[in-house]
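These are my notebook entries on one chain. I set down what I looked up, in the order in which I looked.

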Amino acid sequence: MDLKEQLQPWIELKEVTERIKEYYPCKDEIKEDEVKEAEKKENKINEDDQWKAFVKALEKMEEITRTSEDISIKEAAECYDTCFECVGEGAKVCMTTDLFKILICCENELKLLASNTNFTNEKEFEKILQVLRESSHQGLQKLENCLKYVNPVMQKKLWQYSLENMSSLAKAILSLSSNGKGFVEMLKKCCDTDLTNISSLVKDDDKVKIEKNMRQFKEAIIYGQWKFGTCEDMLQGNKNNKLILEIVNTTWHYDKIGKNIDRVLLGVGKKELKEIETVIKQFEECKEISAVRIEFWKQGGRVKNIAINNKDKNKISVRSQMSKFKEYKDLWEKRLMKWKQHSLQLRELFPALNYFRFNEIHSLIRQIDTLSSSNNRSLQERESIKSFLQKVNYEATNEDVNEILQNWINFDPNVLKIYNMCDISKKEGLKECRDDIAKFGQILRPLWTCSPHHHTIEKTYPIGLNAGKPNLIMQSKSLLFKVLGLFESQPCIPRAEHILVCNEKTMKEDVACLIFRAITNDKKMQTDMHHDSVKPLYCLVYPEKLTPATLKQ
């Protein structure tokens, strides 16, 4: 019986079906306002008895999985049969090909395909395909091929299919998988595009906008400036400021640049497009430059005390040659690569850094700079610093805060020379950033050295783990109790530094910090003569909840 294998796909199918139900179009055309509500009720997709039984069986199985409750073979078979009778096969294939994921994430685009006459009406849809076909942009030509295949399938099997209840809607969704993985990939490509822009091209008022945009792009070639977002803006999440195009008295932010380019690409012939081709190519290059800059800052890199020349400004003129854009991108790619090397070395040489993200360290350094230069240190300011220091050593006190502030003032930079750190040219602009973080790590070293995080006064018990190696533990929803049991049998009191409970907001750097804490504390144990020391235990909990991007990194 494959109930366990089918459970998660069926759960996802239930969610997708309930979401699509909310915007599923009525089949019959409504002609009069007076009968609108009556017809809506008449065409409403109802929850039939089979669907209710399906939902109830899933809820029961979820509860059993969550509580690790025992279930008889008979009960399991009944749950499986109930679900299978309602929706049949196909849910597992839909989940593994990411069909369910796309149907949930691309809801806005699917609503458009379901209700906009440019996609539901064959003649109007042909006009859309013709516009894409005649575009000189290769990406839009590929989109035409995808839409030409995907939209008719969606209309026939889903939007215009006669459905009476939730069970039939679920089966209609599952029937999409019979078109193969290629269909799913093309559906994703369609949904990755702003279909609103494409559907608006057949309207007369959009032609006026296209003409206006063309004039503005031509002005940009003479007067335009590309402006990149600042570190502060990007770390605060102001994504629309990551790239700006300034044209005389007009300012286009990132989203608007993309929309205006899409509109022109779709509505202008090859000859006219040739006139502004440079701006479009520059936009693609600028997006890549911006992505590298943001990644550099997210990883804690900073450029300080460097002579600002034309190559290092936040602005590039549209009149510049493409070689200048490539040169600027190379500059930031080299900075990012160098900073990755320096950041790894910093974490290895200064173990106290492994309790913070580098951007947290920058914030702490600013606080320490402010406090150390002030004669009046408020209790609230000291407490703020102390709460961070207690990550390194939970016994940190106000006296430790005062000592660190004093050491910060009296710090001798020559102390850092004893560490064999990588050479940094002053031209790179990374030295001050690297040395500030190294100074922070060095000043916190005594606090880390005397930390009792890895000490215990209890007798240790074997727990069946391989010391010094990663151990994978698979458990049901009660995994956290299993983790606590591991520490109890160690025995060791788990503290914040020992366990990282992952979710979609957990960053690659958080995982790296946990790994470095494990490595550096293990090295420390080899020289620590403390009688009640034990090998440290570090746990990464629910790593499957990390985002795909973080897992890939």
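Predicted model: local features only at pLDDT ≥ 70, side-chain atom pairs only at ≥ 80, totals over all residues.

**Entry 1: Loop residues with positive phi**

I began with aspartate 98, which counts as partly exposed because its relative accessibility is 38%. Aspartate 98 sits in the loop that links helix H5 (91–96) to helix H6 (99–105). Its phi is positive, about 70 degrees, although aspartate 98 is not a glycine.

I then turned to valine 248, another residue that is not a glycine and has a positive phi, here about 50 degrees. Where is valine 248 placed? I found valine 248 in the loop between strand E2 (243–247) and strand E3 (250–253). Is valine 248 buried or exposed? Valine 248 has a relative accessible area of 54% and is therefore exposed, since the cut-off for that class is over 50%.

I also noted glycine 300, which follows H18 and has a positive phi near 95 degrees. Helix H18 (residues 277–298) has 22 residues and spans 32 Å from first C-alpha to last, close to the 32 Å expected at 1.5 Å a residue.

**Entry 2: The chain as a whole**

I next looked up the totals. The chain has 553 residues, of which 43% are buried. Its secondary structure amounts to 27 helices and 6 strands. Of the contacts between residues at least 6 apart in sequence, 74% join residues at least 24 apart.

**Entry 3: Buried residues**

Which residues of the largest nonpolar core touch the most other members? Among its 132 residues, I found these to be Leu147, Trp159, Trp226 and Phe440. I followed up tryptophan 159: beyond its neighbours within four places in sequence, its contacts are Ile20, Tyr23, Tyr24, Pro25, Leu110, Leu113, Ala114 and Met154. I recall that nonpolar side chains tend to be buried together in soluble globular proteins.

Phenylalanine 119 belongs to helix H8 (residues 117–120). I counted phenylalanine 119 as buried because its relative accessibility is 2%, and the cut-off is under 20%.

Leaving out residues up to four places away in sequence, glutamine 216 touches Ile247, Thr250 and Trp252.

**Entry 4: Two pairs of helices**

On the H20 side I listed Ile365, Ile368, Asp369, Leu371 and Ser372, which meet Leu405, Trp408 and Ile409 in H22. This contact has 6 nonpolar, 1 polar and 1 charged residues.

H20 reaches 21 Å over its 15 residues, close to the 21 Å expected at 1.5 Å a residue. Its buried residues include Phe358, Ile361, Leu364, Ile365 and Ile368.

At what angle do helix H4 (residues 73–87) and helix H11 (residues 166–175) pack? The angle is about 75 degrees, with the axes 8 Å apart. H4 is therefore roughly perpendicular to H11. Glu85, Cys86 and Val87 in H4 meet Ser167, Ala170, Lys171 and Leu174 in H11. By class, I noted 4 nonpolar, 1 polar and 2 charged residues in this contact.

Technical notes
Residues numbered from 1 in each chain as written. Heavy atoms only, no water. Core = buried A, V, L, I, M, F, W, Y, C linked by side-chain atoms within 4.5 Å. Buried < 20%, exposed > 50% of the residue type's maximum accessible area, 1.4 Å probe, protein only. Contact = heavy atoms within 4.5 Å. Helix = DSSP H or I, 4+ residues; strand = E, 2+ residues; numbered from the N terminus. Nonpolar A, V, L, I, M, F, W, Y, C, P; charged D, E, K, R; others polar. Axes fitted to C-alpha atoms, helices over the stretch in contact; angles between N-to-C directions. Parallel < 35°, antiparallel > 145°, perpendicular 65-115°, else oblique. Expected span 1.5 Å × (residues − 1).
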